[in-house]
Amino acid sequence: MSRFLLLLRDEPSTFAHLSPAEMQAIIQKYIAWGNGLRDGGRLIGSDKLTHSGGRVARQSGAKTTITDGPFTEAREVVGGFYLIQAKDYDDAMTVVRDCPHLAFGSIEVREIEELER
């Protein structure tokens with residue numbers, strides 16, 4: 001089995017208009033989906049990222065610049081992630097197809113290259 005990172009992208013304002021009850025219902029869908037992955041032995045880890053904060057580091061020559069961000073210059077930002085196990089990309093995409101996040105944004109699926117240690 002390989003490991004895949006599922007990067008959940010959405011527009012930050014997507015959830016702004018929802019009531020607390022609506023948000024709780026959505027959160028329950030994510031919890032149920034994650035529990036299904038865990039019960040199936042696919043989930044390695046997951047977390048939601050905060051809406052605020054974050055930093056971006058860039059290097060130019062010997063100088064490292066750190067700025068606040070990321071900001072929404074781009075339409076979508078990474079709001080959370082899941083780390084899963086799957087046989088290959090096709091298998092990983094099967095897992096992604098019923099993720100509740102697809103109703104709100106996109107999911108970038110990236111295979112993790114195992115490094116020798």
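Visitor: Where is the place of L102?

Guide: L102 sits in the loop between α2 and β6. Helices (H or I, at least four residues) and strands (E, at least two) are DSSP runs, numbered from the N terminus. This is a predicted model with residues numbered from 1 along each chain as its sequence is written, and side-chain values use heavy atoms, with hydrogens and water left out. Local features need pLDDT of at least 70, side-chain atom pairs count only at pLDDT 80 or more, and totals for chains, interfaces and linings use all residues.

Visitor: What is pLDDT?

Guide: pLDDT is the predictor's confidence in each residue, from 0 to 100. Where pLDDT is low, the predicted coordinates should not be read in detail. Here the chain's mean pLDDT is 90. Of its residues, 94% reach 70 or more. Among the elements, strand β3 (residues 55-60) has the lowest mean, 88. Helix α2 has the highest, 97.

Visitor: In which order do the elements of the protein chain run from the N terminus on?

Guide: The order is β-α-β-β-β-β-α-β. That gives 2 helices and 6 strands. The C-alpha trace spans about 45 × 45 × 20 Å along its principal axes.

Visitor: What does buried mean?

Guide: Buried means under 20% relative accessible area. Exposed means over 50%, and partly exposed lies in between (1.4 Å probe, protein chains only). In this chain, 27% of the 117 residues are buried. L102 has 40% relative accessibility, so L102 counts as partly exposed. H101 is in the loop between α2 and β6. At 2%, H101 counts as buried.

Visitor: What does contact mean?

Guide: Contact means heavy atoms within 4.5 Å. Leave out residues up to four places away in sequence, and L102 touches V96, R97 and I107. By that count H101 touches L8, R9, D10, Y30, S106 and I107. Now take the whole chain. Of its contacts with a separation of 6 or more, 75% join residues 24 or more positions apart.

Visitor: How many residues apart along the chain are L102 and R9?

Guide: They are 93 residues apart along the chain. Their C-alpha atoms are separated by 9.2 Å. Now look at G79, in strand β5. G79 and K48 are 31 residues apart along the chain, yet 6.1 Å separates their C-alpha atoms. G79 touches L8, D10, K48 and L49, not counting residues up to four places away in sequence.

Visitor: How many residues apart in sequence are S19 and G79?

Guide: They are 60 residues apart in sequence. In space they are 19 Å apart, C-alpha to C-alpha. S19 lies in the loop between β1 and α1. Its relative accessibility is 29%, so S19 counts as partly exposed.

Visitor: How many aromatic pairs does a search of the whole structure find?

Guide: A pair of aromatic rings is described by the distance of the centres and the angle of the planes. Rings of Phe, Tyr and Trp (its six-membered ring) pair if their centres lie within 6.5 Å. Planes under 30 degrees apart count as stacked, over 60 as edge-to-face and the rest as tilted. The search finds 3 pairs. One of them is F15 with F104, a tilted pair: 4.9 Å centre to centre, 50° between the planes.

Visitor: Which parts does the F15 and F104 pair tie together?

Guide: F15 lies in the loop between β1 (2-10) and α1 (20-39), and F104 in the loop between α2 (89-96) and β6 (105-111), so the pair ties together parts 89 residues apart in sequence. F15 counts as buried, at 16% relative accessibility. F104 counts as partly exposed, at 24%.

Visitor: Why is the pair of W33 and Y82 edge-to-face?

Guide: Because their planes stand at 85°, with the ring centres 4.9 Å apart. W33 lies in helix α1 and Y82 in strand β5 (residues 77-86), so this pair ties together parts 49 residues apart in sequence. Both W33 and Y82 are buried.
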